[in-house]
Amino acid sequence: MTDKKCEQILEKYHKDKGSVISILQDIQESFGYIPEDAVFWFAERLNIPASSFFGAATFYAQFYLKPRGKNIITACCGTACHVKGSAPIINRVREDLKIPHGETTSSDGKFTVESVACVGACSIAPVFIGNKKVFGKMTMEKASEMIKELDKVKGV
Ligand code: FES
């Protein structure tokens, strides 16, 4: 862990006592996720129980306790997408990216695949979002192309 990054954040909260949420936001912005040792580092220095940080970090979906991939694929698992066959495509994408069972990020750190409920574009189901770009009417073939396209732009 980079203590320097934490010290820069701490500097801000010595002057202006921030909430646990805003400290977590700063940690995540700095590290890309919430490292466990950073939480203990701040808990000790700010005299805030680590459980308060972990409680907030696990409650709010905006926080990530594990490193995320360079490319983020969001797969819609809402009803319309499910009915149009999203599940087997998601499984194929996970297999192609060799994402270990129970994980969301590939071991090479290139891709994170997350599932969400309806993204509000049911008319083009099944829907995937790759690095904020919407890929509608997804098929197995289009999923492979999406992976290639994302990897080309932001490969590691
Ligand atoms: S269910 Fe997937 S976009 Fe609505």
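**Close-up views of a predicted model**

View 1. Asp3, Glu7, Glu11, Glu36 and Asp37 together form a negative surface patch. Two elements, helix H1 (3-15) and helix H3 (36-46), each give two or more residues to this patch. Helix H1 provides the largest share, with 3 residues.

**View 2. Asp3 in helix H1.** Asp3, one of the residues of the negative patch, is located in helix H1. The relative accessibility of Asp3 is 37%, so this residue is classed as partly exposed, a class that lies between buried, under 20%, and exposed, over 50%.

**View 3. Domain division of the protein chain.** The chain is divided into two parts: domain 1 covers residues 3-59, and domain 2 covers residues 71-154. Taken over C-alpha atoms, the centres of domain 1 and domain 2 are separated by 31 Å.

**View 4. Lys142 in helix H7.** Helix H7 spans residues 140-154 and includes Lys142. Because its relative accessibility is 35%, Lys142 counts as partly exposed.

**View 5. Lys142 and Ile89.** Along the chain, Lys142 and Ile89 are 53 residues apart. In the predicted model, a distance of 9.7 Å separates the C-alpha atoms of Lys142 and Ile89. Of this pair, Lys142 belongs to helix H7.

Key
Residues are numbered from 1 along each chain as its sequence is written. This is a predicted model: local features need pLDDT of at least 70, side-chain atom pairs count only at pLDDT 80 or more; totals for chains, interfaces and linings use all residues. Side-chain values use heavy atoms; hydrogens and water are left out. Patches are made of residues with over 30% relative accessible area and no salt bridge: like charges are joined within 9 Å, nonpolar side chains (Val, Leu, Ile, Met, Phe, Trp, Tyr) within 5 Å. Accessible areas come from the Shrake-Rupley method with a 1.4 Å probe; for residues, only the protein chains shown count as cover. A salt bridge is a side-chain nitrogen of Lys or Arg within 4 Å of a carboxyl oxygen of Asp or Glu. Lys and Arg count as positive and Asp and Glu as negative; His and the chain ends are not counted. The place of a charge is taken as NZ of Lys, CZ of Arg, CG of Asp or CD of Glu. Helices (H or I, at least four residues) and strands (E, at least two) are DSSP runs, numbered from the N terminus. Buried means under 20% relative accessible area, exposed over 50%, partly exposed in between (1.4 Å probe, protein chains only). Domain bounds come from an automatic or database domain assignment.
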